[in-house]
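Each term used to describe a structure rests on a rule. The questions below ask how such rules apply here.

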Amino acid sequence: MSVRELSAREIAGLVKRGELKATEVVRAVFDEIKNNEKKLNALITIMEERALKRAELIDEKVAKGQWKEKALLGVPVVLKDNICVEGYPTTCGSKMLKKWISPYNAGIVDYLEEAGTILIGKSNMDEFAMGSSTEHSAFGPTSNPWDLERVPGGSSGGSAASVAAGYVPLAFGSDTGGSIRQPAAFCGVHGMKPTYGLVSRYGLVAFSSSLDQIGPFTRTVEDMALALDVIAKHDYRDSTCWTGNRPSYSEAILNANIKGMRVGVVRDFMEEGLDDELAQAVEKGLGILVENGAIPVDLNLGDIKECALPCYYIIAPAEASSNLARYDGVRYGLREDADNLLDQYIKTRGKGFGDEVKRRIMIGTFVLSSGYYDAYYLRGLKARKYVCEKFKEAFSNVDVIVMPSTPTPPFKKGELVGDPIQMYLSDIFTLPVNLAGLPGISVWMGLNSTGLPMAMQIIAPKWHEVRILKAAAKIEETIGACPLAPGGE
Amino acid sequence: MVSRKYVTVIGLEVHVQLKTNSKLFCPCSSDYIGAKPNSNVCPVCLGLPGTLPVLNKKAVELALKMSCAIGGNIQKESRFHRKNYFYPDLPKAYQISQYDRPISFGGKIPIRTADGKKFIGITRLHLEEDAGKLVHATSDGRLHGFSSSYVDYNRAGVPLIEIVSEPQISTPEEAKEYVLALRKLVRYLGVSDGDMESGSMRVDANISMNEEGQPLGVKVEVKNMNSLRALQRALEYEQKRQMEILSSGGVIIQETRHWDDVRGITVSSRSKEEAHDYRYFPDPDLPLLVVSEDLIEKMAKSIPELPWEKKERYLFEFSMSEEEAEILTSQRELAQYFEEVLASGAPVKPLVNWMKTEVIRSNKEGKFDFNNPEINPQALAKLVKFLDEGKISNTAAKDVWLVMLDNKVGLEEAMEKAGVTLGGLSAEKLESIVSKVLDQNQDVVKEILEGKDTKGKKIKFLMGLVMRETRGQAKPQNVEEMLRSKLHG
Ligand SMILES: [Zn+2]
């Protein structure tokens, strides 16, 4: 069995027992990357030297009988390029930060290193996480490993592709409106957005602070739980990080039992605007859960599907316009010199940002402007409250909700770039979950009739990732773990 | 033409730098004065991508303390907003401040006016972070006619409270008194150094004028007043300027004007960059600031007797004059020393005299530090008691005081060094001094004996010499008697 086929758990086990050297893992990973990166373009920064050094250290420790308690020992990991690693660029897929070297580690980087992982590289993404196809990257688009003509989804497309193609068994992305779950669905891997506040945002370059959350991509549910065990920690450096106790996710899914679990299905969501085969995939997933003892419940979530998109495209750009204002050419990143300050700002930001980012900064600036604040931003907040209330109501009757991850299978490169609204619509099922701060997973549901990946989304009330993992584990028992994509060979 | 009477309406916005160890949202020191530029910074206060603010609890406590002291209505839940604008000294391109939900509303501060005591109402008090500083320089290092600008972020993120007064200040003199009262208060509370020159206290003014009985006039904001004197001068200038415009039928333009201390005028600063729309919105990185009842109580209990309360008590309890009470309560440490000496048995009246003359003078000369009194309260109490009981003269007491200060010795030793004995001089000692003076001034003696001292001036001269020699320890009538008996006997 080659390294690329191993799960994170398997690698950690082998490395701990001394049956596989971390250095062998790293070599295999970089062979894989070298063979495939030209067609995939999944990574922006490759950290080969750092990874080798780290692997040597791990092998040394293992030889001395140390570090055996580390849950992810020797596991190669890819991070989305908006997560800071000390001494390395964090480009956010933008010209603006192309040369910016982060002087500090993100919270999750510390946690991952503590758990024994080996950082391999930083993955491609839509600029500042704004997009659903990874085409809005200053470093070129990433290809879908299942069909190189198609997009991997976005904005964490590089991370999803890295896992699907078998570079690594574990990668991390950030999800603001679906940026983990949608590319997971498109690339045929599992992807989870945890509850807002479960994982530290310290060191995640902000897009929309009240929506952003870091989460894992894996090919098995077991790895997903293992990853959550490592990254779901309270971090005092993030004031929005939850102080409550996190359970052991790995333990919780051992012999998962979902008997009596009430599974809500939103019938409205299954009608128009949804690909037939994806609708069938959700029915199939629901069927599997019911076979395992779950109780199906039909749900009505009111108008959240209609109001989530406009609401999201007020709140997220508003916060983004403020979060991205610091890129002014004064302290770091791109600077275009000019005769006066105003021109320096205009030239720097004009050149540093791509169209999609500019579009959202303009929307955000507009909705916060005096005179428009009440009509847009305040109404956006009201709509957000409505979405939260509808979910709350729903969760008084059910334990989890299943729904599609995306309305369509992966689309072709270039297909939607000129049509922002259609592009935004590809997150229609994931956006509401962010607005309500809920946890959600996109779980692999096999291939459709044309050989493209299918998925289903499972969501739960806040802090109930365990329910999601249990349900996902049952799905995986029937459907199987995510296979490696052919494009990554 | 009928002469019209104009009323001045002034409101002040005072920024006070809080005396915390660290900045408002990061662990950097808040003591930046004299530090090498950009040495007192970290990723958070530089606003580097991915960083997040963590609220300094001490700053909240100091703000609460101040709110309690002015009788503000403390908000159990307050909130931080982002104030968005581009300027190079603002690392994130937004300032974290408070907007519609500040830490407290209301309160008042008593000030002295020509007509007696007056209360100035407080509108609100809120917490916010400071910005960095711009330094402009020419290529040869001169600051005038600059060609380049540098930014120093050492001050960025230092905690401030902004105290906004009601427009209840009627004269520039009252404005000065208000700032003086505020300064005294923050120093009493240990909340701030309250130093206008170094910038730990900054004052902006809003001033308008209207005809008596007419609605309020258009207000002008005046900035850049770096001392109490500048504040008063700027407001006086503005008063005159507005009056001239109004009485000649002109209209006041609502604008911001900068005080030019050298030219002694205010200058309009109407520039494009100043036409801000701050696009305030709640900072999604910071949760609501919830203040517990316990903390408010704790802060309320930590408040010392306030300067104006102390003054009232001194007036009442010790029958001090207004001026005496003002002087003795001007600094908390001075008042504390006074009370300690009093508690050590010093009689009130002579002690008050001693404090307002000798202690204040020694302090001004840098010989006596209220914070760390060189002379223990018991020693001064004894000295003042000796003085009061007539055991030593005023001059002798001053000598002893200075010897104690200069030589850092106790009371007994100082008396010995100063040649001061209790109960004044012995008859023999006085006699020997008189003989010595007469010996040394034989010409004067001769003139007196020749009857040339018709106006008694010469004998007064001799008396003065003797008194000086005795350091005032002799009673004048004794000296005169002794002189006359020696001269004529
Ligand atoms: Zn700092």
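The questions and answers that follow set values against definitions.

This is a predicted model, in which local features need pLDDT of at least 70 and side-chain atom pairs count only at pLDDT 80 or more, while totals for chains, interfaces and linings use all residues. Residues are numbered from 1 along each chain as its sequence is written, chains are lettered from A and ligands numbered from 1 in the order in which they are written, and side-chain values use heavy atoms, with hydrogens and water left out.

Q: What makes an atom a donor of the zinc ion, and which protein atoms are its donors?
A: Donors are N, O and S atoms within 2.8 Å of the metal (3.2 Å for Na, K and Ca); water is not among the atoms, so sites may look incomplete. The SG atoms of B:C26, B:C28, B:C42 and B:C45 lie 2.3 to 2.4 Å from the zinc ion and are its protein donors. Along the chain, their spacing is C-x1-C-x13-C-x2-C.

Q: Why is the arrangement around the zinc ion called tetrahedral?
A: Four donors count as tetrahedral if all angles lie between 85 and 135 degrees. The 4 donor atoms subtend angles of 101 to 116°, so the arrangement is tetrahedral. Ideal angles for four tetrahedral donors are 109.5 degrees.

Q: How do you know that B:C26 is buried?
A: Buried means under 20% relative accessible area, exposed over 50%, and partly exposed in between (1.4 Å probe, protein chains only). B:C26 has 8% relative accessibility and therefore counts as buried. B:C42, at 15%, counts as buried too.

Q: What makes A:T430 buried, and what does its side chain reach?
A: The relative accessibility of A:T430 is 0%, so this residue counts as buried. A:T430 is in the loop between α14 (420-425) and α15 (431-435) of chain A; helices (H or I, at least four residues) and strands (E, at least two) are DSSP runs, numbered from the N terminus. Its side chain reaches the backbone oxygen of A:G177 at 2.7 Å.

Q: Why are B:D204 and B:N206 called buried?
A: B:D204 has a relative accessible area of 13%, so it is buried; B:N206 has 15%, so it is buried as well. B:D204 is found in strand β12 (residues 201-211) of chain B, and B:N206 is also in strand β12. Contact means heavy atoms within 4.5 Å. Leaving aside neighbours within four places in sequence, B:D204 is in contact with residues including B:G11, B:H15 and B:M225. With the same exclusion, B:N206 touches, among others, B:V9, B:I10 and B:K219.

Q: How many residues of chain A and chain B are in contact, and what area is buried between them?
A: In chain A, 38 residues are in contact with 32 residues of chain B. Buried area is the accessible area (1.4 Å probe) that two parts lose on being put together, summed over both. Between chain A and chain B this area is about 2,700 Å², with 60% given by carbon and sulfur atoms. A:S239, A:R326 and A:R331 lose the most area in chain A to chain B, together 22% of what that side buries.

Q: What makes the pair A:R201 and B:D285 a salt bridge?
A: A salt bridge is a side-chain nitrogen of Lys or Arg within 4 Å of a carboxyl oxygen of Asp or Glu. The side chains of A:R201 and B:D285 meet at 3.0 Å, N to O, and form a salt bridge. Across the interface of chain A and chain B, the rule finds 1 salt bridge.

How values were computed
Tetrahedral: all angles 85-135°; square planar, octahedral: opposite > 155°, others 65-115°. Polar contact = N/O pair within 3.5 Å; in protein donor to acceptor, adjacent residues only side chain to side chain.
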